Every structure is written in C-alpha cells, then in structure tokens.
Amino acid sequence: MAKGYKQREGIDYGKVFALVARLETIRLMISLAAQYIWKIYQLDVKSTFLNGFLKEEIYVEQPLGYIEAENENKVYKLKKAFYGSKQAPRAWNTRIDRYFQDNEIEKCPYKHAIYVKKEAYDNILFVCLYVDDLIFTGNNPPMFEDFKKSIVQEFDDRH
Amino acid sequence: MTDIDLMTYFLGLEVTQKEEGIFVSQTSYAKDILERFKMESCNLVLTPVEKGVELRKSKVGNVDPTYFKILVGSLRYLTCTRLDILYRVGLINRYMETPDQSHLNAAKRILRYIKGIIN
C-alpha cells in the first residue's frame with residue numbers, strides 16, 4: 001500500500017521491532033484471574049496502525065489519479081504511520097506505551113506487554129497487550145470502567 | 001476501539017468464564033491443524049508416543065523440512081493448552097533439519113492423538 005518494500009534502513013526507518021505478549025504470559029494472566037475469581041475483559045483497536053505517529057521523515061508520491069495540477073512534482077510528508085510501512089507496528093506500540101505511561105499504568109518490569117495500575121486500598125488492574133488486542137483483569141470493577149472510558153476516548157476510531 | 005466485553009477468544013485460545021472457573025481450549029485451532037495436514041478423518045490413537053520406537057537422526061531426510069517445521073510449529077502452539085503432547089513435540093523438534101518418514105510418522109501420531117482428545 002505505501003510501497004514499504006522501497007524503504008531503506010537507516011534512512012526511512014530505524015528500529016522496526018515491536019514487543020508482543022508471549023502466549024505463556026497470557027496463560028499466566030488467565031490463571032491469575034482464575035485463582036482470584038476475577039473476570040477478564042477484552043478490547044480491540046480498529047485501524048490500529050493509523051494511530052502511530054512517525055519518528056522519521058517520510059515522503060510519499062501523490063497517488064495516481066489524485067495528482068494536483070500545476071503541483072505535479074510535489075510530494076506529501078507523512079504524519080502518521082501507514083499500513084505497509086516498515087515502522088507501523090513499532091510506531092503503534094510506542095504510541096500505546098506512551099498512553100499507558102501518561103495514565104499511570106506502569107509497565108511490568110519482569111514481563112513485557114504487561115501493564116499494571118495500582119490504586120489505593122490495594123486495588124489493581126492488569127493489562128496485557130498483543131499488538132491491537134488487549135485483555136485486562138483485576139480486583140476492582142470501577143477501575144475497568146475508568147480504564148475502558150479513558151482508552152476508548154484516546155483511541156477513537158474516527159480519524 | 002471496540003469493547004468486546006468478556007474475553008472469549010484471544011489468539012486462538014477459546015476462553016469460557018464461569019462461576020466455577022475459567023475454561024481454556026484450542027478446539028478450533030486443533031481442527032484447523034488436522035484439516036491443514038489432511039488428517040480430519042484419520043484413525044485415533046490413545047497415546048501420543050508409540051511404545052518402543054526410537055527416533056534417530058537421518059543423514060538424508062526425504063521429507064520436506066519446511067513442511068515438517070510447519071507441522072512442529074503448529075503442534076507447539078497447541079502445547080499451550082495441551083501439555084500432554086509437550087513431551088512428544090519436544091522429541092520430534094530435534095529432527096527438523098533433515099526429517100525422514102519415521103519422524104513424519106511420529107508427528108502424524110500426535111495428530112491422531114489430538115483427533116481423539118479434540119472434544
């Protein structure tokens with residue numbers, strides 16, 4: 001779609017890896033919920049990769065059929081990652097990681113793709129991220145509602 | 001962002017949350033594997049490992065390594081909920097470089113076993 005195969009390392013993109021949860025981590029989350037008789041909820045992000053902001057400067061040609069008269073030689077500068085671009089997954093991961101940090105949902109230091117939010121009275125919320133799918137569980141249902149409201153607002157489907 | 005509510009299906013894991021606990025299975029994934037390796041209507045076996053058969057490394061593998069690796073990889077994903085096949089998958093795992101018919105037979109036996117436990 002965005003001619004990702006034409007991108008060159010070091011110029012058009014730097015790091016391209018993005019962390020995802022291991023299956024064992026997900027299984028651990030399920031067993032934790034089972035042990036404490038918690039419920040696990042699930043959310044999913046639409047058009048995920050369009051949410052990521054770019055670190056690099058990327059320019060694209062004007063798409064065929066949409067070339068502006070008298071400005072035929074100009075190109076577009078991209079603001080957000082595209083599907084098909086090499087850094088799209090990582091840009092998305094960076095974006096959502098920042099969102100978690102801004103909302104005091106801490107990254108688990110032992111297992112990647114797990115985020116933990118602690119509140120007063122030992123209330124706790126666990127979030128597990130797999131690219132655009134996330135599951136969450138914890139001991140406090142009002143925290144679920146707050147989290148859902150906040151993340152839905154942040155990653156609105158309309159762009 | 002879509003609210004799916006209770007987790008029911010995640011990365012091939014089917015999750016049922018009830019009062020008594022959480023049930024996790026990979027039934028549809030297991031069915032997909034059987035279909036992919038054309039074993040949907042195979043005969044069943046009750047154990048994943050055949051008694052008395054020793055696997056050896058072969059110098060010239062006569063089975064396509066890519067095909068074999070796909071099979072091993074698919075079975076490995078299934079070990080997430082089926083820990084009873086973990087030992088056997090670990091055994092055939094060693095012969096991925098030059099697999100021969102005996103290794104493929106061992107792998108297919110796991111598929112026959114899965115067919116029997118799928119429900």
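Me: What makes a residue "buried" or "exposed" here?
Reply: Buried means under 20% relative accessible area, exposed over 50%, and partly exposed in between, with a 1.4 Å probe and protein chains only. By that rule A:Lys149 and A:Gln153 are exposed, on the face of α3(A) turned away from its buried side. This is a predicted model, where local features need pLDDT of at least 70 and side-chain atom pairs count only at pLDDT 80 or more. Residues are numbered from 1 along each chain.

Me: Which residues of α3(A) are buried, and how do you know that they sit on the same side?
Reply: A:Met143, A:Phe144, A:Phe147, A:Lys148 and A:Ile151 are the buried ones. They cover an arc of only 135° around the axis, so they lie on the same side of α3(A); the arc is that of the directions from the helix axis to the C-beta atoms.

Me: How do you know that the span of helix α3 of chain A agrees with 1.5 Å a residue?
Reply: The expected span is 1.5 Å times one less than the number of residues. For the 14 residues 141-154 that gives 20 Å, and the end C-alpha atoms are 20 Å apart, so it agrees.

Me: What makes A:Lys148 count as lying over the face of A:Tyr41?
Reply: The rule wants NZ of Lys or CZ of Arg within 6 Å of the ring centre and within 35 degrees of the ring normal. A:Lys148 is at 5.5 Å from the ring centre of A:Tyr41 and lies over its face.

Me: Which aromatic cluster includes A:Tyr41?
Reply: A:Tyr41 clusters with A:Tyr99, A:Phe100, A:Tyr115, A:Phe136, A:Phe144 and A:Phe147.

How values were computed. Chains lettered and ligands numbered in written order. Heavy atoms only, no water. Helix = DSSP H or I, 4+ residues; strand = E, 2+ residues; numbered from the N terminus. Phe/Tyr/Trp six-rings, centres within 6.5 Å; stacked < 30°, edge-to-face > 60°.
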